[in-house]
Structure formats: C-alpha cells, structure tokens
Amino acid sequence: MSDSRTTTSPTFADVNRDVLRSLDPPGNLYFAWMCFVALLLAGFFAAWAGQVWWGMGMAGKRVPQMWAMYITTFVFWIGIGHAGTLISAILYLFRARWRTSIYRGAEAMTIFAVMTAGLFPLIHAGRMWFAYFLLPYPNQRFLWPNFRSPLVWDVFAISTYLSVSTVFFIVGLVPDIAALRDASTGWRKRIFSMLALGWEGSDTQWRHYRRAYGLLAALATPLVLSVHSVVSWDFAMALVPGWHSTLFAPFFVDGAIFSGFAMVLILILPMRHFFHLHAYIQDKHLDAMGKLILVTGLVLTYFYICETFTSIYSGEHIEKASLFWKVTATYAWALWTMYFCNCVAPLILFWKRARTSPVILYVVSILVLIGMWFERFNIIVPSLGHDFYPYTWGIYYPSPTDTMIVIGSFSFFFLLFLGFIKLLPSLSIVEVKETIAPPVRDRAHGH
Amino acid sequence: MATETVLGVFAHVDTTVRALEQLRARGYHDLTVYTPLPVHEIEEVLERDRPVSRVRLFTLIGGLTGIASAFILTIWSSMVWGLVTGGKYLVPAGSGMSGSSLPPFFIIAFELMVLFAGFATVIGMVVLGRLPRLSPSASYDPRFTNDRFGVAVHCAPERAAAVHELLRTSGAEEVKSR
Amino acid sequence: MMAKAGVGALGAALLAVLVFLAISSWSRQPAAAAKPSAQPINFPHSVHVGTYKIDCQYCHSDARRSEYAGLPSVERCMGCHKIAAADKPEIKKLAEYHAKKESIPWVRVNKLPEFTYFPHKAHIRAGLKCQGCHGPVETMTTYAADTGPSLTVDLLNLVGFRPAPPPLTMGWCVECHREQNAKNARHAPLDCVICHH
Amino acid sequence: MNRRDFFKIVTVSGAAAASGGCQQASETILPLVVPNEQLVPGVASWFSTVCRECPAGCGVIARNREGRVVKLEGNPDHPVNAGALCMRGQASLQGLYHPDRIAGPLVREGSAGLKPTTWDAASKLVSDKLAALKTGGKGRAVAVVTQLENGSLGSMLDRWVQALGARPRVTLEPFAYESIRAANRQTFNRDAIPYYAFEDAEVVLSFGADFIETWLSNVNYARTFARMHSFRDGRAGTFIHVEPRQSLTASNADEWVRNAPGTEGLLALAILKVMVEEGAADKRFGLAVASIDVKRAADESGVGVETIKHIAKVFAHAKPGLAVGGGVSVTGTHATQTQVAINLLNAAAGNVGKTVRFGPDSAYGKVSPYSEVASLAGAMASGEVEVVILGPGVNPAFTMPSGLKLADAIGKVALVVSFANVPDQTSEFAHVVLPSTHWLESWGDYSPREGVVGFMQPTMSPIRDARPMGDTLLQIGRAALGVEEGKGPIPWATFEQYAKGTWTPLIKGDLEGALRRGGVFADVAAASVTAKVVAGEAAAAKLDGDASGLTLLAYPSLRFYDGRSAVSSWLQEAPDTMTQAVWDAWVEISAETAKKLGVVRGDMVSVKSSQGTLELPAYISPTLHPSAVAIPMGHRYTPYQRPRYVAADTGSVNPMGLLPAVADPASGGLAFMSVKVTLTKLGTRRPLAVLQATHDQDDRELAQHVELGAAREQALRGRAPQEPHPTLYDEQKYPGARWGMTIDVDACVGCQACVTSCQAENNVPVVGKASAAYGRQQHWMRLERWAEGKPERPTNLFLPMLCQHCEVAPCEPVCPVYAAYRTEEGLNGQVYNRCVGTRYCGNNCPYHVRRFNWFQYDFPAPLDVQLNPDVTVRQLGVMEKCTMCVQRIIAGKDRAKDEKRPVRDGDILTACQQTCPTQAITFGNLKDEGSAVTKLTHSPRAYHVLEEIGTRPSITYLRKVVRGPHA
C-alpha cells in the first residue's frame, strides 16, 4: 500500500529500543547547553524585573513607536508555533506519511513557542499586574473586556490554540507512554503508568482513540489558520499606514508556516544527529520539508510584491510616503535583510542536493528565522515611525532591557525543548511503527 | 455465568487475522485484541459488525456549547455598560444588523467552539475507552505495547480447550488461560 | 442507549444550574458589621444623632457645598460643650485640644482610592440620606464602616456567585445609581469619567 | 502626592503648612480649630492679585483649594490682560512652590558659605551695620536695588531710603526701553512710554518690536494685535515686521522684511522719504529725511526699493497705522535715533493721539536707566558702597552684561543683603539672605500704566519661612534709626498697613470690592502732543569686536524674559515655538554660516566676543540674516533641575557674558546689539531636545490657510453645504450636551500659554531633556509650527494640537478593557485606573496626542502641593491625554444645577481657552445652536485635521488667512 513499507526498515522492537534510547541520561554537552540557556534566562528575568520596577521607559519605546521589539518577537514566536499543529493536524488529514517521524518534536515546539509568545503580552503591558483585566471574569465592578478589541481576540485565539495543541500533544503521547511504562521499572514505571492512564492498546481503546485523534486534527486545522489571522488583525484593524490591509491574514499565516518549518529543521537536524535517528528521519523527510519551505517562501515573496504594489497603486499619499520611507530611510537595512533572507535565500532549495544536505538546510533555516523576525520588525517599527503625523515622526533605539528580553525569550524556549527531548519520546513510537511493515509470517496470507 | 479468558500471543499480523477470522466463524464474539499500533487488517475484521465510535457526538455537543456561550458572553457583557467605542453601538437602532458592531463576536465564537469541542472530544475518548484504568486488565501483557499482538477470547470454561486449540493452530506463539 | 445518555446529561446540567442559582442567591447577604474605629476622643454618634437628633449637616456642614463632608471645627464642638457635659472626661480631652489650639487627629474611616472623585454635594442635592452610604450612624457608639473591596467578595464573584458588593466599592455605587435611575427616574450618571478623571 | 492631603494642609497654617503639604497619605484627618469661612475644604476660593513675573503687571486670580494656590488665571476685569495670561504668568506657580525656595534667613559664615540663622540675628546684623553707617554719616554708602516697584512698596522704600540717607533707590530692569523715552523727549517732548493702541490700527509696522514675546506688555499687545489682525467678518488688519531674525512676532507678520541688523532706523526714514515724495505725508517732514537716499538705504539694509515703496504705500494709506520699534537690533548705540525715526513715521502718518497715546503711559517710564545702574556698579567697584540691598527678582550678576564687571563690583561691597526667595547668581554673593515672600504670598500694588492700579493680596500663607521685604526693612530701618514702632519717619508696623494706607484715597472705602476686582481701573484720556520735526540721522550702531565677525543678537525669550522665570521647569520644558527646542539653550546660526563652518544642529560651537566665550549647541536657521548670530537670553538652571532634568553641568549659556558694557549715549540705555562675535566649531556634540520632527507638512494639510480675498468671498457666501459622512453605522446620539471646540489658526500667535496652562491644570509632569528628546514628553497639548513656502522666508502656521475627541475614535475600539471610550457627552474618555498599558490606542491615534507614563514621574516637594485636587495623578504604565478639562465641565454643570438652569455658553472654560491672549480657542456645546462654538464650527474657514481619515473630530480648526505677496 504505502511506498514507505520497505523490507530494510527496522522491526517494531527496534523502534521501541531506538526511541527509548533517546531518553538515556544525557551527556556533558547537554548539561553545558542547559547551563548556558539557564544563564540567559536569568538575564531575561532580571531585565523584566527591572522594567516592572522602573517602568516601561526602561525599554526603548517612545512616541510614535509605542510598540516595538516585544510585539515583534511575540508575533515571531506565534508564527513559529504554527508548524507543529500544521504538521500534526493538516498533514495527518492529508495522510502525508513523512510527517510521522517529525511531528512529535514539531508539536512540542509548537507548545513551547506559544508559551514563549504568551509571555510577551505580559512583558509588553505597562501595568503587567493588571493584565488580568483582559480576561472575562465576573467581578464586583461589573466590568468586562471589550470584545471588539483585537487584543481580546488574541487572548482567546492564543489560549485556545495553546490548550488545543497541548491536548493534541498529550493524546498523541498516551500510547507511547504506555510503551515507556512497560519498558521501564521502579519509580519511573509508577509515574509512567499514571501518565499512560492505563492504556493497553485494546481494540476498543484504539477505536475511540483514532476517531478522537481524527476529530482533534479536524478541529486544529482551521484553528491553526485562524490564530495567525487573528494576530495579523492586531495590525490590519489598526489605522497605521502599512498596517491597514486585508492582505495581512494570509500573509501572516504563510509567513508563520514558513518560519515554523525552519524552526522544525533547526530542532530536528541536531536530534537526528545526536540520537542517530537517521533510520527514521530520512533524507526524504528533509527533502519534503525543504520543498515546503521553498513553496511558502515563494508565496511570501508574492505577498511582498502585492503589498508594495497595493500601496503604490492606492495613490494614497501617506501610504506611499510610509512605504518609500521604509525602503530608503533609517530602517532600510532591516527591510533589505528581510527581502534577502525570505525571498532569495530559500531559492537554493530548488536544488535537490541542497534540500537533502543538512548543513545547507540548517543555514537556510537560520536565515529564514532572521528574515521572519525582521519582517515583523519592519511591519511594526518603521510603519509607526513615519505614519500620519509628521510632528511625531521618530526613530526607535533598542535599549539593553528590551534586547535582553528578546534574547532571553529564545533561552526560555530552548530550555523547555531541551527538557522535553530527555523526558518524553521525541519520536512517536506508534506512528513510526505504522510506517514500517508489520511482521508477517508467510506472504501468501499477507497482502 | 463464569467465563474463562483464553489469551493467544501472536508475533505476526497475518496469523492474528487468521485466528480472528476463525474465531468469528466459530461464533466467538466476545474478544479483546491488543495491538501495539492500530492495524488496518485487524480492524477490518473487528469493525464489521460494530457501530462507529460515539466520540463525534461529544465533539458536536462541545462545539455547539462553545458557540452558544461565546455569543451569550460577548453580547451580554457588552450590554452591561453599553459603552460606545469608535462611534459604534452594540445594538443597532433602526438600520438593521449593519448598524451593530456584532461581527467581532464571531471570532470569539469560533475560538470557543474549537476549545470546547476539543476538550469534549478528549473527554469522549477517555470515557468511551474506559480510561483511565488503575490496574492492567487480567489478560494484558506488556509485550503488547512493543511488538506482539494479543487475542483474548472470553468464553464458557467448557469451550476453553477448543479455543486453545484454535489459537495454536492459527499460529499463536503462546496460548494461556487466565 | 445514546438517547438515555443525552437525557441523563441534560438532566444533570439542569440540576447543576438550579443548585448554582440557589447558592448564588443565598450568597447575596448584607456585609458583616465592622469593628469600631479607635478615635482620639470617644465620640458617640448614637448620642448626638440618636438621642439629641442633631442633624448630620450641623457638624458635617461642608457636605452640601463641597466634595468633602468636612469635620466640625473644634470651635464648633466647644460651642455646645462649653456647657454641655463639660465635666465628662472625653469632653475634657476636647477642651484640652481647644485650649492648645490644636486640631483633633480623627482617624479616617471612609476613604475612596485616589483615582475616584466623589462629591458629597451632588448627593446631598439629590436628597439622599447620609445613612444610605454611611450606615445606621444613629445607632453607632463609635462610628464604624466596613468598606472597600474585600477578597472574599472578589473570590465569590470569581466562582460566579453574586454577593452584595461591600459599601464604597464601585459595584455598590453603580448598583445604587442604576436602581435610582430605574425606580425614581433620576439621572444618576453612569459615565466612567464622572468619577474617574 | 495624595490629593486628599489638602484636608490636613488647610488646618495647619504658616510655617508648619510646608511640611504638612509634603507628607504622604496619612489616615488621620484634621478639622480646623477655628472655622475659616473663606476656605471650605473641597471648594475653590479665588483671590485676585497682580502678576510680577515681568513689569507688564497683568491681573491674576489665584484658585485656592484647601489653603493652597493650585492654578492661576488672568483677571477678566483687569484692563491689561482681560483674563488672559502668558506662559510665564501661568508658570509663576512653580516659582511659588519651587523646591529650591530658601527655607529661612541665611547668614554667610566665612568660607562655610550661607548658613541658616534666626530672623532676629540676621536683621540685627544688617541694622547694626546700617546704624553704624548712619551715625558715621555715611548713609550714601547704602544702596537699594529693586525691580520695578512703582506702587506702595516703591514709595515706602523711597521713604526708607530718605530716612537712612541712603543713595536713591535704583530700579533695575534689564529691558528698560530708555531709547523710546529719550526719543519721545526729543520728538514729543514727553519723557514717557505711551500706550500703543494696536486694536485701533489698520496697519502695524514694527521695527523689531517683539510685542508678542516680551516687548513692554506682551499679553496686552498680543491680545490687541489679534483684535486688529485676525480675520473677523471680512476685515483683517495688516502687519509688517522688519527684523533680521524671524522671531515669533516676525513669523506672525503678513510680511516679514529681513533687513541687515541695525538698519531699521534707516529703513524707517527711507519709508518716510517715499511717503513725503509721494505726497502721502506732510511736506514739513521733508526736512527730517533730506539726507536720506532710498536707493542707498535699500542697499545697506538689503531690502529692495520696491519693498520700501510698497511698505510706505500700505502704511500711508492705513487709517490709522501704527509704527513701533524695539528688539535687539534696534537697541544698539543708535537706539534713540532709530526710535526718533519711528516717531517721525507715526507723526507723519498722523497716528499720534490715535494709536500712539500719551497719557496712559507705561510703567516702564519709571525705570532707572541703565546708566544709573552702571554708575552704581562703578561706585561699588570703587568701594563707595558698603551695604547693598537687593530686592527679589533682581539678579544683576546674571542680567547685566559681563562688560560691567558687576560680579567683581559686588565682591567689593562689605555687606550684601539679598531678598531673593530662590537662590540665584547674585544671591551667591550675599552675606545675608532675608527671603522675601513670593508675590503670591504678599501684599502690594502695581500700576502697569497710568490710571490702572492693580492690588496685590496674599493668595495663601507663605509655604516657607519667608517675610515680606517691606516688613523686614521697616523693622531693620527702625532698629538702625533706634526708634520703635509708630515713631520716626517709617512708623508703620507692617508693609501691609502702609500699603492699605496708600490705597484709601483710591478705593473710596470699598476695600473688599477693590480687592475682588483686583484693583482700581480708570481710563486716562490721550494727551495731545505735537511732533518736533528734527533731521533724522541714520547712524549705524557701533559694534566692537573685529569687523569680520557676525553681529550678536542676544534676544529676550518669551519663555524666560530676562531669566527670572527660568526657575520654572514647566517653562524649561515648554518648547520655544520657533525652534521647538526644550531645556537647553542654543546659538542660532544662519544656513550660510553653518555651511561655512560645517556645523549641523547639535554641534557644539564656541562663540567668542571681546568679553568672553560661550559654548553652545548650534541651531541652524534658514531664516536668520547671514551677518547675524542669535542667542536667547535667560537660560539658567536652579539646583534641583540638575541632574534630575538636565546633564549635571552644562556650563553657562548666558549671552550677557558676551556683551560689553556699552550704552546708547542719547538715552543711557544698555546697547544690546553692541558686539561682533566669531564662531568656531568645537567638534563635540550636545544634541538639542527638539520636539518637532519636521516643520514640513509633507502636503498633509494639517494646518491650512486661505487667501484673504477668498476668505472674504466665503464669508459673504457662507459655507458650502456639507454632505453627510457616509456610514454603515448609526449616528451617535447625545442625550445631553455634546462638547466641542474650535481653534482659530488665524488668531493663534504661538505663544504657548495654553500649553503651560494645561500643564498646570492637569497635573502634567515634567520629564526632563533626555526623555523629551526621545519623544516622551507628557504635554497633553502641543503647539506646532508648520512652515510653508521658501525655507528662507516661510509662512508659519501655528497649530495647537490636542486630543481631537473624535466621534469615530480609532483609539477606542482597540482598547481591550474599555479604558478609552466615548462618553455620552461626546468626549473621548480615558479611565486611568482601568488602563493596562497596552499602548494600542497610542499607536492607533493618527494625531499622536496620547501620552504614556513611561516612568513614575514625581513632583518634587513642595511642587506636589500645587497638584490639582480634581485631577488624578497618573501612575506609571497608564495612558493619558487631554480630557477637555472634564473636571471643569463637571464643575460648570454643578454650578448650573445649583442655579437650577441649563449650562450656558461661557459657563465652562477649558484651561487652554481661558488663558489664550488672542481668544483663538472656543469651547462649548455643539448641540446648542446659539453657542459660539457651534457658529464657528459652521464658519467657511472651518476644517478638521486629517479629515480624510474619517475620525470626525469634535475639535474644529479655522484656516489661517494669509495675504498674498504685496496684497
């Protein structure tokens, strides 16, 4: 039935062995990484504390750039968070078998990315300690949030996205944890048997399990697309020249997938190297990923062209002035960096060798991440810097505080991910088994 | 009446399927099959005379609840103060729906629909799958999460011998009664 | 079987709602009595308001013309107490303050947050009774009020109950304004910036 | 500061009050011991007095809450300012509550510097010295220097001086306009400065007179100028201004003529010549201009012959016109000749008696000329003076040219007694400091012009241990004379007693009424004078320094006057309208010179004169005359401002340090334009904090203008019918009033009074140079300058920008918590305590008028006592903005309710509207068809800023009416 059923592929027992091996006690390199990341994280919290204590002024924000790197990074992480559910849900529905070996890692990435992103609205708020005003909770003042504000949509979209992907993640894990339980002993066994909910893989369990999984996938699919659309409306709903555009929803979603896949590669390639998972994460997987990055990259390029065209064609003086300023003035370098990283760099993936070479893929992915971060930066900072009112035009300079916090957010993400790969199976045991031929005694009765 | 459970452990899919076919032919319907992964061929045999999983019902109810609660929450809470923002009233006066500022609420409705439906689905799975269970069932064997398939036949004690025989002949590595 | 489950679920839900409503309405009981404030001079409102029926605004004379209700000047207290009960120890304290030309450091009982602007004047003009907000002063030996947000009330709200908001909280003000507008066709403002500016 | 601490403050009076005001929120409340019927806690009471920030003497009413003054407003009954107040007047509160105010008497203890002491000890020290001199027959060794005090304080001091046989009191005012007096002596035989009736002129021809900034009486003349100049039912006067530099006044001119510095007199005569030649003036004036050759004048001044002829034509046909002269480049060694020329011009055009009115003469006529100050300085230097008594507001060490070597001179004086209440450059030399009460805490009176006497009364009890200068001197004087109270030449117990004594003839027994009105105001008829025609001489000003240098124009600034207002942080942070720079001083360099030197804005430049050098950041001005370089006067910092708001040490930025002590021989007035300087680039930078990113509107039509002709036509036709805005949504309903505002861009002269008034009313904090430079200033209202046309002679449009209170406000729907919303009275409400600080609204406001609290801005004690108790002090992390003075709206409605009537037009005045000298701002109910604001909203000149976005603001602007070239 499926081409992936090759006789050379490992047996079920191998799968369990290989995957469980990745959970062996880590080496020094791992701990070195942990320490480094933890150090950065400490800096992150120090900077944040300072900002809360002395005020938003610690970050380089000003009039007119009342938003800057925090929202940039927020959108960036939300974008990263898209690949995971996309892979596990949409590709699941499309029965794209190559997803199986990477989706677990991708899902974890999604959750951690969204968690990281979730920090930024808090960091960004002038009175972080009142952030709960945004939640609709009954209170003696009869006050409720304004459901017409895109920020409240964000609250709902992101919290929904986080919880649904988490659920999806956990459901996927249950059978694997059962396997862990049966392979392990002592206290680990006790913990795992709790987490496994007593899974046995009986036919009734599988029936409902698969149905549920399918439905979850079906729910998650539109959700993925909605979340970044909602985030994009933070801008599209606003008046600022360069923001006020119906293009934004698809534009953002595509960019999100683009950067998401880049991040997946950045995480998967080292894993495959260090855990020797070449048998499961094969070149054809990398190839498929490469193709996806290439396609989304091309689509993104198309959107850039549309964006430019519409603002020129609009004949709107202010709109055009804003664009011209972006392209030529203070922040031009950021714009051109973005164009290079997002439009030019991925083109190398037209070349099959590049798509299968880990090194090139890795470099391209990093460039893509840089490019996508700058895309958000270019949407926010220059647009605000040169908007309707010439009196207040101005240049934003990052301060140590917001720089530290942006860098620190990466450490937050990687800390979570490093933890994950050592605590939970980073490959789906069950689904990997699905991709390989089940043991058959005599061909005659087989298929 | 007391039943006995006969468990056959298989190493291969085809033997497992053969065993199941024969059991069904002999009229044994009270079976539990353990597999490390959902196997298409086995499901084919088992699902023939079973209704579709009822999880989807949970999903439906969850989704509808989500939509309803979203609209109730947004509309009601906006009417508590009836504040005007951006020159738009919540409730239109005269000029029909066009005059109102309801559209944003559909976003909330969508999100809550997904959220509630998602949770409902999982609950459905857990409930219908008889999860969570604290101690493993009698006929369970750890190998079933690794690379072995198990067929547990629940039958009257007097017929146990026949089942033993059947399972062995159809290629079970090991057959035991529990 | 499915149908049964559906009915069962529906019934359960309905029951839950009923129980909730019951408890919620039960939880709407007036705020508990407050502990008296420790004042430099033990001033019994009960005697002045209750026994001698002195009008509130005789002493708190600024209420009708000012944001603040104001306190009687030591002079005004002495106005009566030169003669009245002059021998009582508490009154002696008063006399001391007056002699020293010092003002009495009364302990504040009612206080609104900085960002809230409350004019007594408008409320007096609307003909409200002082007791409406300050409680049964005429019965209090020492004036006391349990005001401002309370954690328990907030938590109760959070889990969906509707306890009566404690006095001098926003919910309490708003409820009264709404009630007045609805019942007595008044125009008590409900505009945020009237109080928060 | 806790708004409700006022409860406590009101109760404890006098010295204790200060500490009381500064304490944090305490949970005790103190009743008054004795009820004070004047002060009801929570109710404002108003006290009228006279503003003494400059000799203009505007009437002031002070709003007193709980015993503390929280806001100043112009006295509507006062003839000088009619309710308006300039930014300096508004900011004088910061002088009153200045953190550096001297806490009590100080005595110098050798090298240890000034140390606190008791009043008795301090005054004994002085009186002993005086007694010694008196008995030693050396009374002449005592000198008294005060600012212009022409009221009872002045006369009392003169009696004091006589009693002690001291030398005649010197009134020191850096800007004394001696030349005008001298010229009037020559031409009209009157030693006086007349009243200039701008309001009655059709054409105003000003030779450098910066009457919108500091000249004589800026509020009065800005107000009357607006009456004459701003477009009203089809009529508008013309204003031509001649000055080498485009000052704020110049940029209000319909025609700004840029001349070579010092050639104003020549131009005036040339214009007169043309008038005579064209028969527009009496032949007898031919004598005056016999020697003048128009062509030569044109070449020297760099003004085209055509322009001269055109000006002459316009001026001659004015019925009547008005020519005035002043400003730096007129005040050189040739000042008197220039003023004479201007007098002749007025005489020839027949303006004397019409717009130039002798009779209601200005108080400036009583200032001692600079020559007297100079001779006193000489006497001090030669050791003749042993005691010098310096009144408050007198700061010669700062305001006198360094050429006078005043610092050294004072150093030679044995006993320097200062009455300063905030330390300044002169009080540093003092041996004894007897802090005088601030004028808002004092009795007194001041007569800005003949017939107008403004009464001063304490508007609150002194916030520091200060005593009125009068009281202190009376006591010291009697001690020195050895007589007790009630005896001798100066018997009065207190100055208050003396002052009230002098009032009795004026007030006809009604002191109450007089104090409520703010004084006694009478009109003095214009005296008839005849002009003596003398041959006008067009002498050029003598300038020392090498001829190749650039002429230094050290000009007084609207913000700081001579520097006595610079103590106010509000003024330091209110941008100079032309440059939009705050906090720092700068040297204005013409574009040409800048190119030669290769400097850009913010580059440090050393300015070298014969007297010294000054290092200042450069401001490149395309408008300045190439042969000139300009430095604003009065920039100085007080201790608490460094390093809180500016860098720890910025060095001196005082241009007086460059001036030689040269006087105009004819008048004895200080020659401000008396030196040429050389510039050198230093290579370092000190970027200026300039709030406006660009003066180019980039075709966005924020500030709009209309040709006079077109405006007339529209005014006749009325406004073209407006089609309703297309919308899918319901029109908003307003059950009660709908508040709105109109701002007449044509009337606005860019004086920034509104900005400061708003800051005072709404507890707007000061952020300091660094923050302001980085777009973090907190002003709720800003005054923008938009330049159109050629950069070297642009048309400037002034646009006051504040929250537009849009009907379709972009800021509202994006707020996640309803902190920004639309009130049912059409305001754009901002609820601080609900704000979470997402700053989404700030991004989405196309006008960028929303301000965010980047830090917790503090109000250093006792400035916190000034906070308006009706306005919340915002916490860090919240968004704030103009509320259209909602607290005043509420108060107005409250008053109306008390009187059981609907709110009438004029019941509610916003802070900005109230103080505007030109009444450019109108506020009212847009639903009331009869209200002024509604009428103006339907004016043909009405427009909205960024109308195309469709925000539908509640604030309507009226286009500026411009005259085409040679209109």
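These legends describe close-up views of a predicted model.

The model is predicted, so local features need pLDDT of at least 70 and side-chain atom pairs count only at pLDDT 80 or more, while totals for chains, interfaces and linings use all residues. Residues are numbered from 1 along each chain as its sequence is written, chains are lettered from A and ligands numbered from 1 in the order in which they are written, and side-chain values use heavy atoms, with hydrogens and water left out.

**View 1. Helix α11 of chain D.** Helices (H or I, at least four residues) are DSSP runs, numbered from the N terminus. Helix α11 of chain D covers residues 305-317. The expected span is 1.5 Å times one less than the number of residues. The 13 residues should therefore span 18 Å, and the end C-alpha atoms are 18 Å apart, which agrees. Buried residues (under 20% relative accessible area, 1.4 Å probe, protein chains only) are T307(D), I308(D), H310(D), I311(D), A312(D), V314(D), F315(D) and A316(D).

**View 2. The interface of chain A and chain D.** Contact means heavy atoms within 4.5 Å. Chain A gives 57 residues and chain D gives 58 residues. The buried area (accessible area, 1.4 Å probe, that two parts lose on being put together, summed over both) is about 4,500 Å², with 58% from carbon and sulfur atoms. On the chain A side, R127(A), Y389(A) and Y391(A) lose the most area to chain D, together 21% of what that side buries.

View 3. Elements giving two or more residues to the chain A side are α2 (28-54), α5 (150-183), α7 (203-236) and α10 (317-328) of chain A.

**View 4. The interface of chain A and chain B.** Here 57 residues of chain A contact 69 residues of chain B. The buried area is about 5,500 Å², and carbon and sulfur atoms give 67%. R148(A), E200(A) and R207(A) lose the most area on the chain A side, together 15% of what that side buries.

**View 5. The salt bridge between chain A and chain B.** The count is one salt bridge. R210(A) pairs with E43(B), the closest N and O atoms being 3.0 Å apart.

Notes: Buried < 20%, exposed > 50% of the residue type's maximum accessible area, 1.4 Å probe, protein only. Salt bridge = Lys/Arg side-chain N within 4 Å of Asp/Glu carboxyl O.
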